[in-house]
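Biologist: Thanks for sitting down with me. Could we go through this model together, one question at a time?

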Amino acid sequence: MPFVIYVLGLGIFAQGTSEFMLSGVLPSVAHDLDVPPPPSAAGPHRWSSQG
């Protein structure tokens with residue numbers, strides 16, 4: 001396979017996982033800055049079957 005395919009795969013992987021990392025630390029960053037986190041970052045919704 002061409003080298004560029006490996007580079008593109010690594011780039012897509014890095015971009016995708018960085019979004020999950022950011023959403024995981026958002027509540028603590030909001031707490032440190034003394035701002036309320038957005039409702040979607042608060043955890044399971046009340047209508048969710050898992051909360």
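Modeller: Gladly! One definition to start: the expected span of a helix is 1.5 Å times one less than its number of residues. Please keep in mind that this is a predicted model.

Biologist: How many helices and strands does the protein have?
Modeller: The protein has zero strands. Its secondary structure comes to one helix.

Biologist: How far apart are the end C-alpha atoms of helix α1?
Modeller: Helix α1 runs over residues 3–32, which makes 30 residues. At 1.5 Å a residue, α1 should therefore span 44 Å. The model agrees with that, as the end C-alpha atoms are 42 Å apart.

Biologist: Where does α1 bend?
Modeller: The bend in α1 comes to about 45°. A proline, Pro27, follows within four residues of the bend. The residue at the bend is Leu26.

Biologist: What separates Pro38 and Pro27 in space, C-alpha to C-alpha?
Modeller: Pro38 lies in the segment after α1, and is partly exposed at 39% relative accessibility. In sequence, Pro38 and Pro27 are 11 residues apart. Their C-alpha atoms are separated by 8.6 Å.

Biologist: Is Met1 buried or exposed?
Modeller: Met1 sits in the segment before α1. Its relative accessible area is 73%, and the cut-off is over 50%. Met1 is therefore exposed.

Biologist: What accessible area does the nonpolar patch with Met1 have together?
Modeller: Besides Met1, the patch on the surface takes in Phe3, Val4, Ile5, Tyr6, Val7 and Leu8. Together they have about 800 Å².

Note on methods. Residues numbered from 1 in each chain as written. Predicted model: local features only at pLDDT ≥ 70, side-chain atom pairs only at ≥ 80, totals over all residues. Heavy atoms only, no water. Helix = DSSP H or I, 4+ residues; strand = E, 2+ residues; numbered from the N terminus. Bend = angle between axes of the 7 residues up to and from the residue. Patch = residues over 30% accessible without salt bridge, like charges linked within 9 Å, V, L, I, M, F, W, Y side chains within 5 Å. Areas by Shrake-Rupley, 256 points an atom, 1.4 Å probe, with all protein chains shown as cover. Salt bridge = Lys/Arg side-chain N within 4 Å of Asp/Glu carboxyl O. Buried < 20%, exposed > 50% of the residue type's maximum accessible area, 1.4 Å probe, protein only.
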